[in-house]
Amino acid sequence: MATTRSNGASSTVVLEEPIPLHTIRPKSELPRISLSASSSKSKKFDSDDNPEDRNETLPSPITASTQVETWNNPKVNLYRFPATLWAFTIMGMNDASYGAIIPYLEKYYSLSYTIVSLVFLSPFVGYTAAALTNNAIHLRFGQRGVAFLGPACHLVAYIIIAIHPPYPVMVVAFILAGFGNGLEDAGWNAWIGAMAHANELLGFLHGFYGLGATIAPLIATTMITRGGLQWYYWYYCMIAFAATELATSLHAFWGATGSAFREANPRTSDEGGSRLKEACLVMPAARTTWLCAIFLLGYVGIEVSLGGWIVVFMIDIRDGAAFASGMVATGFWLGLTVGRVILGFVTPRIGEKLSIAIYLPIAAGMQLLFWLVPQFYVSAVAVALQGFFLGPLFPAAVVAMTKLLPRHLHVSSIGFVAAFGGSGGAILPFAVGALAQAKGVQVLQPIILALLVAIWVVWMCLPRIGKKKD
């Protein structure tokens, strides 16, 4: 209680409050002042660390207050988003071109199924390199680095292929194209997956991938079968497309530097060191990362195996003509495109986990119809419907990761998963080719069915999906 005391002859009155006493803590309990900011310059860091990569134990004001981006806000996204759509169109053309030119590569280079399948296996090296370097590129160079390196790799690869060098050199070019695809797949999926209405936007993004994959076999097959041109003439077109991609992407993301990326994506955990290591080795993030990586490994393997070997299958097993069989591949990619756009609006209304749990059994049913009814037109319709229900799987998996993981892990985890999953488009089609060499191309059907069942089981192992995490 306060007491009053007279101050001599003065009229001043002094109020004295009791002074509270506190227990003095031992030295060992005193808070320590971190000197990491001043000492970090002298420390070596991992390949995807950066001295300016902030490590915060609480969400920073930037993380807490920044509004979620949309496709048209900030205004620069009105140009950046279409640039990513064009980039994914090129990626779709790249992947679908393999299936269209395989029959002609076999004849031109006198190759067996196993050797020609290296066009699928070689991008695995590129995708693996992209998975390991994606986060480092973002931290050091930002999205500008992705916008330059991805299209540049495409351009150089297509110039090499158009020269139609000896087959071993072709394999190296496919590795380079795979690295470009892996970087852009990782970077643009992570960026758009964190936006508002991500399911719908990713549906459009991957829809443009499917659009590219639809028109590439159509144009390439027409040039070869109707125009009487050699297979490599198609890559003259791809050079022009890739040059446009380089110009538009680099101009759109020129201001997206490494410092801008680090500022917008500060660390909000108490983990130190590499963000990629945190995403892949520290629970619970590691569980989500690896389950989604295995899921997309199988999914992309299914997608590229079907799109890549369907022309050979329809010619050899269903006795189709070359042009008609090429159109079946076009139908598959068209179904994939339409499914991504239409089901992209259905998926968020029933939830990502439930929707994929429904789409996969339907796709498996279409695969059984494709396998067990040996009619050309039935097979063509079944594979198109299969593409329709497979379409939304990749976008939905990316959105699920943005909801299960904290924001600062989005690029490292989604980038790793997208690139790792993309490698499935290299490994599994090569395996199909190797088995086709020994048993015939009809092995495509049971392999695809088994993979559909396997990735359904993996998907059901994911935790319950809620709202996006900061």
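Visitor: How many salt bridges does a search of the whole structure find?

Guide: Two. Keep in mind that this is a predicted model. The general idea is simple. Side chains of opposite charge can pair when their charged atoms come close.

Visitor: Which residue forms a salt bridge with Arg-340?

Guide: Glu-303 does, and the closest N and O atoms are 3.0 Å apart. Look at where the partners sit. Arg-340 is in helix H13 (residues 322–350), and Glu-303 is in helix H12 (residues 285–316). They are 37 residues apart, so the pair links distant parts of the chain.

Visitor: Is Arg-340 buried or exposed?

Guide: Arg-340 is buried, because its relative accessibility is 1% and buried means under 20%. Glu-303 also counts as buried, at 3%.

Visitor: Which side chains meet in a salt bridge at 3.2 Å, N to O?

Guide: Those of Lys-403 and Glu-352. Lys-403 lies in helix H16 (residues 393–404), while Glu-352 lies in helix H14 (residues 352–372), so this pair ties together parts 51 residues apart in sequence. Glu-352 is buried, with a relative accessibility of 3%.

Visitor: What is the nearest side chain of opposite charge to Asp-95?

Guide: Arg-340, 8.6 Å away. Asp-95 is buried yet has no salt bridge. A salt bridge needs the atoms within 4 Å. Find Asp-95 in helix H3 (residues 77–109).

Visitor: Which side chain makes a polar contact with the side chain of Asp-95?

Guide: That of Tyr-209, at 2.5 Å. Leaving out residues up to four places away in sequence, Asp-95 touches Tyr-127, Asn-181 and Tyr-209.

Terms used:
Residues numbered from 1 in each chain as written. Predicted model: local features only at pLDDT ≥ 70, side-chain atom pairs only at ≥ 80, totals over all residues. Heavy atoms only, no water. Helix = DSSP H or I, 4+ residues; strand = E, 2+ residues; numbered from the N terminus. Buried < 20%, exposed > 50% of the residue type's maximum accessible area, 1.4 Å probe, protein only. Lys, Arg positive; Asp, Glu negative; His and termini not counted. Polar contact = N/O pair within 3.5 Å; in protein donor to acceptor, adjacent residues only side chain to side chain. Contact = heavy atoms within 4.5 Å.
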